[in-house]
Structure formats: C-alpha cells, structure tokens
Amino acid sequence: MLIVMRHGATTEELDRVVAVIKEMGYQARPMPGAQRTAVGLVGNDGRVDASRLEGLPGVQEVIQVSKPYKQVSREWQAENTVVRLGSGVSVGGTDVIAIAGPCSVESEKQIIESAHKVREAGAVVLRGGAWKPRSSPYSFQGLGRPALKLLARAREETGLLICTEAMDPEGLNWVAELADIIQIGARNMQNFSLLKAAGRSKKPVLLKRGMSATIEELLLSAEYLLAEGNHDVILCERGIRGFDTATRNVFDLTAIPVVHKLSHLPIIADPSHGTGLREKVIPMARAAVAAGADGIMVEVHPDPTEALSDGAQSLYPEQFAQLMQEVRVIADVIGRRMAEPAPVGA
Ligand code: PEP
Ligand code: MN
C-alpha cells in the first residue's frame with residue numbers, strides 16, 4: 001500500500017503518517033519524489049484499515065498496489081532504480097554494462113588473463129564462479145574460497161568489479177565480503193532462505209531467472225530481497241526451458257521490455273546460458289542491447305576448449321572484443337552508452 005502525500009505536506013504530517021503505520025504494526029518506508037512524497041506501507045497482510053490513513057492531515061490518497069509483488073513494482077516506484085556498483089559504475093540508468101569472464105574460476109593464470117582480456121574489450125565487471133551449481137555431482141564444482149582470493153587479485157590488477165555466485169547462506173557470507181555483486185543463480189531463484197540472507201546483505205544482488213520460472217515468480221523472488229531491506233537488485237534473463245533442443249534454453253528476450261514495464265528494477269541479459277552455443281551468443285547479445293537490456297553478461301574464456309565448465313558457450317576473447325564494438329553502436333542508436341571501465345588505480 002502506498003500513502004501519497006499532498007504536494008507541500010509538512011514534515012510533521014509525514015512523521016504522523018509514519019508513526020500511525022508503525023502503530024498499526026507495519027513498516028513505513030518514506031519515498032521522497034520529485035513532485036511529492038509517498039510512504040510505502042510494507043507487510044500489508046490485507047488487514048490494513050486504509051480509511052485511518054486516508055483521514056490523516058497531508059494525505060492525498062491511498063493506493064492499493066494491485067500486483068502480488070509490491071516494492072518491486074512500477075506502481076510502488078515510477079522511476080527506474082539505478083544500482084550503484086562502485087568505481088563510478090551503475091546499472092539501470094543510461095549506461096549499459098558488460099559483465100564478462102569465465103563460467104568458473106579455474107586457476108590464477110586463467111582468471112587474471114580473463115580479467116585483462118575482458119577489461120581491454122570494455123567490460124566493467126568480471127564474472128567467475130567460485131562455487132558452481134552443476135547438474136552432475138561429478139562435474140567440476142568450483143575451487144571454493146581460494147577462488148574468491150583469485151577474484152580479489154584480479155580486481156586489484158584490473159580495477160574491474162567482481163560478480164560471483166553464492167549457492168547457500170554460508171557461502172553467501174564469504175561472497176558478500178569480497179564481491180561487488182552477489183549472483184543468485186537460476187537454480188536458486190526460489191531458494192527463499194538464500195534470498196532472505198542476500199536481502200540482509202549490504203551488497204547488490206544479481207538475481208537470475210529460474211529456468212522454469214514465470215516473470216511474476218522472478219519478480220516475487222526479487223520482492224524477498226527488497227522486503228529484507230536490500231534495494232540494490234539487478235534481474236537477469238538467462239533463458240528458460242522449452243521443448244526445442246536446438247539451443248540449451250529458450251532465450252526470452254521479451255522478458256526485457258515486460259520487466260521494464262512491470263518493475264523499476266534493472267534487468268540484464270545472459271545470452272551465454274540463454275543459448276548455450278558460442279556462435280549464437282553474439283547475435284543474441286546484440287539483440288539484448290537492442291531490446292533495452294541494462295547490461296549483458298557474457299562468458300569469455302582465454303581458451304574455451306580447455307574450460308572446466310560451459311566451454312561450448314564461452315567466447316574467445318577476440319570474439320568478445322568484436323561484440324563490444326558492435327554493442328557500442330547499438331547502444332548509441334537507442335540513446336544509451338556502453339559503460340567504460342575506470343582507469344586502473346582510479
Ligand atoms: C552461471 O552464471 O555460470 C550460471 C550457473 O548461470 P545460471 O544460474 O543462469 O545457470
Ligand atoms: Mn556458466
């Protein structure tokens with residue numbers, strides 16, 4: 001529920017609304033806007049007496065948010081959320097970000113080389129899993145905590161921000177300590193205890209769409225993060241399961257404009273997992289930027305033939321460099337700009 005204050009409402013009137021919401025046993029979230037201030041009532045269990053709020057001085061109207069997700073919806077917040085990631089990089093505004101790197105961190109040489117290569121091409125965030133959610137327990141599971149150290153070293157050397165996945169609440173503490181963005185993978189999109197833990201962390205979260213999740217379910221999972229107090233949430237379309245085996249997943253690019261309409265949160269696209277095929281990644285990354293994605297996440301490996309995970313969908317560094325040149329042009333055409341990496345040491 002949103003309590004919209006009159007233009008020119010006084011601080012006392014606003015404080016009174018906040019106090020009454022708290023008295024009723026709910027949380028109040030004042031949201032100053034350019035035109036007027038609104039107060040979000042968080043935790044509405046359907047028993048809120050709206051008339052009590054409507055009658056308070058300074059209140060213009062009380063709006064019931066119609067969607068099941070509340071704080072994530074455009075009804076709640078009309079302006080786009082811009083998530084500040086650090087080093088002057090933000091997502092959700094005019095800039096389009098590129099997150100790139102290998103599927104998994106495999107060795108110091110591999111991750112440092114990857115970092116240099118993707119930075120030279122124009123990525124602003126380095127990706128790489130320390131813990132990997134693999135379909136088979138016999139597949140490479142990731143190096144674990146030592147990989148976090150290697151990612152930290154890569155950041156020191158290149159200035160790139162770090163995005164890496166947390167698979168469980170315990171690992172989340174390690175990841176939150178180091179990473180600039182905590183990734184929650186497709187398989188964990190509805191791991192509600194993990195979402196709650198990530199919602200309590202102070203780092204931005206990249207929430208990937210589950211492979212059989214509807215857009216509404218994706219937004220409800222994001223609501224868990226906001227409900228716990230973390231508003232720095234970036235969504236990610238990474239393909240959904242379909243009947244066609246021609247590609248690894250069905251890359252649902254329609255999700256980009258659909259989410260932009262329903263929510264103020266930024267959404268990026270991952271054509272690597274979306275297609276699973278190296279030569280399909282490039283056209284679909286171009287399409288994602290054209291569709292209005294706030295960023296792209298692309299798997300890049302110094303030698304994909306040697307990759308311990310997802311080699312078939314990983315680009316060669318030269319392919320990624322070429323892709324970056326192309327998406328710069330596309331971003332420009334739609335009035336946006338690819339974010340540029342900060343100078344090292346900045
Ligand atoms: C990944 O980013 O390497 C990954 C495992 O992605 P997803 O959760 O989308 O499968
Ligand atoms: Mn992968």
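Student: What makes the approach of R238 to ligand 1 a polar contact?

Tutor: In this predicted model, a polar side-chain atom of R238 lies 2.6 Å from an oxygen atom of ligand 1; a polar contact is a pair of N or O atoms within 3.5 Å, so the pair qualifies. R127 has a polar side-chain atom 2.8 Å from an oxygen atom of ligand 1, and for K132 the value is likewise 2.8 Å. R127, K132 and R238 are among the residues that come nearest, of the 13 around ligand 1, together with A186 and R187.

Student: How do you know which residues coordinate the manganese ion (ligand 2)?

Tutor: Donors are N, O and S atoms within 2.8 Å of this metal, and C103 (SG), H273 (NE2), E299 (OE) and D310 (OD) lie at 2.1 to 2.4 Å, so these four are counted as coordinating the ion. Because water is not among the atoms, the site may look incomplete. Along the chain the donor residues follow the spacing C-x169-H-x25-E-x10-D. H273 belongs to helix α9 (residues 271-275), while D310 sits in the loop between β14 (295-299) and α11 (317-333), so this pair ties together parts that are 37 residues apart in sequence.

Student: Why are H273 and D310 called buried?

Tutor: Buried means under 20% relative accessible area; H273 has 8% and D310 has 18%, so both fall under the cut-off.

Student: What can be said of L126 by that criterion, buried or exposed?

Tutor: L126, in strand β8 (residues 125-127), has a relative accessible area of 0% and is therefore buried. Its contacts, not counting residues up to four places away in sequence, include I111, V118, L151, L160 and I162. The C-alpha atoms of L126 and L160 are separated by 6.0 Å, although these residues are 34 apart along the chain.

Student: How do you know that β1 and β4 pair?

Tutor: Pairing requires at least two bridges between strands, and four join β1 (residues 2-5) to β4, so the two count as paired, in antiparallel fashion. One of the bridges links M5 to V59 in β4.

Student: Why is the sheet containing these strands called open?

Tutor: The four strands follow the order β2-β3-β1-β4 with antiparallel pairing, and β2 (27-32) and β4 (59-63) stand at the edges with a single partner strand each, so one side of each is left without a neighbour in the sheet. On average, neighbouring strands of this sheet are turned by 20° against each other, direction ignored. Helix α1 (residues 11-23) lies across β1, β2, β3 (37-42) and β4, running at about 5° to β3.

Definitions and conventions: Residues numbered from 1 in each chain as written. Chains lettered and ligands numbered in written order. Predicted model: local features only at pLDDT ≥ 70, side-chain atom pairs only at ≥ 80, totals over all residues. Heavy atoms only, no water. Donors = N, O, S within 2.8 Å, 3.2 Å for Na, K, Ca; no water. Buried < 20%, exposed > 50% of the residue type's maximum accessible area, 1.4 Å probe, protein only. Axes fitted to C-alpha atoms, helices over the stretch in contact; angles between N-to-C directions. Contact = heavy atoms within 4.5 Å. Near = heavy atom within 4 Å. Polar contact = N/O pair within 3.5 Å; in protein donor to acceptor, adjacent residues only side chain to side chain.
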